[in-house]
Every structure is written in structure tokens, then in C-alpha cells.
Amino acid sequence: MAPTHASRVLAVLSSALALTALTLPLPAAGKEVMPHRGDIPDAFLRGVTHVVCVTFPEGGAAELPLYTRGAGGFHRAGAIPRGQTGPLSQWDDDEGWQEDCYPAFDVQAGDATRYAHVLINLQEAGGREAWLREGSERGPEAPWVTIESLRTLDAFEGRRVEFDALRRPGRPLVVRAAPHDSANEVEAALPNDVILGQRVGDFAEVLSYAPGDSGYRRLGWVRIVDEEGLLLLWPTHFNRHGC
């Protein structure tokens, strides 16, 4: 069974990544890191269609199974140690779970499952590409892979949203009253506990829960990608409700 968003928590980061990582403040017994925006080539954030997350259970295998695509379909192409990858976000947790998330640029159906084409090392010159298989090859001790869409915003379900880490310096977050660039800007401080509603073009609706009111209220609209197609938003590992 796939681990839920609430149970997908992760463990030890390599020291090399930690030296170049941006630590995101989260009210939890864990830590999430992302590379600094200046260390991520623009090409690695352009044309991203899905978010692929790999959960490494406590005491389980710390290797990521890789696949290649050929004329006969998808084939196992060995594995790579977790410490040799460079995900876009990485979480460690006191309970020993580990989770790495990667940008994906294509998803294809295979033999009774799906495969995602991802960059598994954003810190490597030119990046390193591979296909990852959805689900798990073995039992609960093996890594579990989830493939979630950015087009339908499934990648953000049950997670907090990182609004700023993928923005170029000098390009602040802009919240608008409607899903287009000519709409008025909205002066709204976005709290941690928000969700993304519907997607309209390059924009996502930002909703906040209103206690005692009729559910969620709209705070405004934010761009998912900028004018050049570069990804701006990323789901954080920490569950929005902390459970």
C-alpha cells in the first residue's frame, strides 16, 4: 500500500547537498531542504508536467531503481544510491522516513503501470535523466514512487505550497484578483495552511480555510509558471495539518 501524504516523512541528507541547500522553516520534527535557485539551471524548471516523489522507509533500501525506454517498452537499468541523486526537494524526519521529489517532464504508460521521465540530479552538470516506475518493485522495505500532475494540481493535494524558493532573485510573488496578468494585484499575506484550488492556464487559485464560515475562501490567484514557462511553485513534504 502506498504511504499517505501524512506518513511520507524522510531522513538523513547527504552533507554535500546540505551545504548548498535552502532550509525551509516548518513547524515539525523534521527538515526540508531545496537547492538555492541560483544553483538550478532554468532549463531544469521549464516544461515540468509532474512531481515525482520517492519515499524511502526506515531501514529500507536506500537505492533508487532506474529504467530506460526502448522499442520493447521499459526495462530495468540498475539502481542509483540515494546519496548520488540531487532532487529538487528532500525531507528528513526524526522517525527515519526519507522522501525525495523530482521534476518530471513526461509520463508514459508501461506494463500495467506508469513511468515518469525525471531529472534525478539537478546539481550535476547538464542534469541526469532517468525513468522512474510508479509504485514499488518489492515489499514495504522498498522505495515507493508516486507520480502526481501539476496540470490538475494533484501534486499539491494534502501538502503545503512553497511559493518563493523557485523564483529568480528580484521576482517576488504576486497575488492577483483573477487568473490573468492584467488583473489587479491583491495585498494578501499567504498563510502556511492554504490549498490550491483550480488551475486556469498558468495560474492557480489560492484558498484558505475560514473557521465558522462556509469552508474555504479565495485569497487570489498566483502563477504556477512564469512568462517563460519556468516552474514557480513546489509542494512541500510537510502535511498541511501536521498529522
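Which residues line the largest cavity? The lining is made up of P65, Y67, R133, G135, S136, E137, R138, A142, P143 and V145. Keep Y67 in mind. That residue comes back later.

Before going on, a word of caution. What you see above is a predicted model.

Now, the whole chain. It has one helix and 15 strands. There are 243 residues, and 49% of them count as buried.

How do we look for it? Rolling a probe the size of a water molecule over the atoms shows where empty space is left. Counting cavities of 30 Å³ or more gives one. The space inside the largest cavity is about 80 Å³. Sort its lining by class, and you get five nonpolar, two polar and three charged residues.

Then there is the largest pocket. It holds about 250 Å³ of space. It is lined by 16 residues, and those closest to its centre are R167, R171, P172, R223 and L232. What classes do the lining residues of this pocket fall into? Nine are charged, seven are nonpolar, and none is polar.

On to the aromatic rings. The structure has four aromatic pairs. One of them is F74 with Y115, and this pair is stacked. The ring centres are 4.1 Å apart, with 5° between the planes. Where do the two residues sit in the fold? F74 is in strand β5 and Y115 is in strand β8, so the pair ties together parts 41 residues apart in sequence. Are these two buried or exposed? F74 has 16% relative accessibility, which is under the 20% cut-off, so F74 counts as buried. Y115 is at 6%, so Y115 counts as buried too.

Compare another pair, Y209 and Y216. This one is edge-to-face. The centres are 5.4 Å apart, and the planes are 65° apart. Y209 has 45% relative accessibility, so it counts as partly exposed. Y216, at 35%, is also partly exposed.

Y67, F74, Y115 and W131 form one aromatic cluster.

Next stop, T85. Find the loop between β5, residues 73-81, and β6, residues 89-93. T85 is in that loop. Is T85 buried or exposed? It is buried, because its relative accessible area is 9%. What does its side chain reach? The backbone oxygen of R82, at 2.8 Å. The side chain of T85 also makes a polar contact with the side chain of Y102, at 3.2 Å. Now set aside the neighbours within four places in sequence. T85 is then in contact with L64, I80, D100, Y102, I120 and N121.

Now two residues with a backbone feature to look at. Take A112. It is not a glycine, yet it has a positive phi of about 65°. A112 sits in the loop between β7, residues 98-109, and β8, residues 114-119. Its relative accessibility is 81%, so A112 counts as exposed.

The other is L153. It is not a glycine either, and its phi is positive, about 70°. You will find L153 in the loop between β10, residues 144-149, and β11, residues 159-162. Is L153 buried or exposed? It is buried, because its relative accessible area is 6%. So we have two positive phi values in loops, with A112 exposed and L153 buried.

L153 leads us to L196. L196 lies in strand β12, residues 194-200. With a relative accessible area of 12%, L196 is buried. Which residues does L196 touch, beyond its neighbours within four places in sequence? The contacts are L153, F156, V161, A204, E205, V206 and L233. One last distance. L196 and G158 are 38 residues apart in sequence, and their C-alpha atoms are 9.9 Å apart in space.

That is the tour. Thank you.

Conventions: Residues numbered from 1 in each chain as written. Heavy atoms only, no water. 1 Å grid on protein atoms, 1.4 Å probe; cavity = no way out; pocket = protein on both sides within 12 Å on 5 of 7 lines; lining within 4 Å. Points joined across faces, edges and corners; volume = space filled by probe spheres on them. Nonpolar A, V, L, I, M, F, W, Y, C, P; charged D, E, K, R; others polar. Helix = DSSP H or I, 4+ residues; strand = E, 2+ residues; numbered from the N terminus. Buried < 20%, exposed > 50% of the residue type's maximum accessible area, 1.4 Å probe, protein only. Polar contact = N/O pair within 3.5 Å; in protein donor to acceptor, adjacent residues only side chain to side chain. Contact = heavy atoms within 4.5 Å. Phe/Tyr/Trp six-rings, centres within 6.5 Å; stacked < 30°, edge-to-face > 60°.
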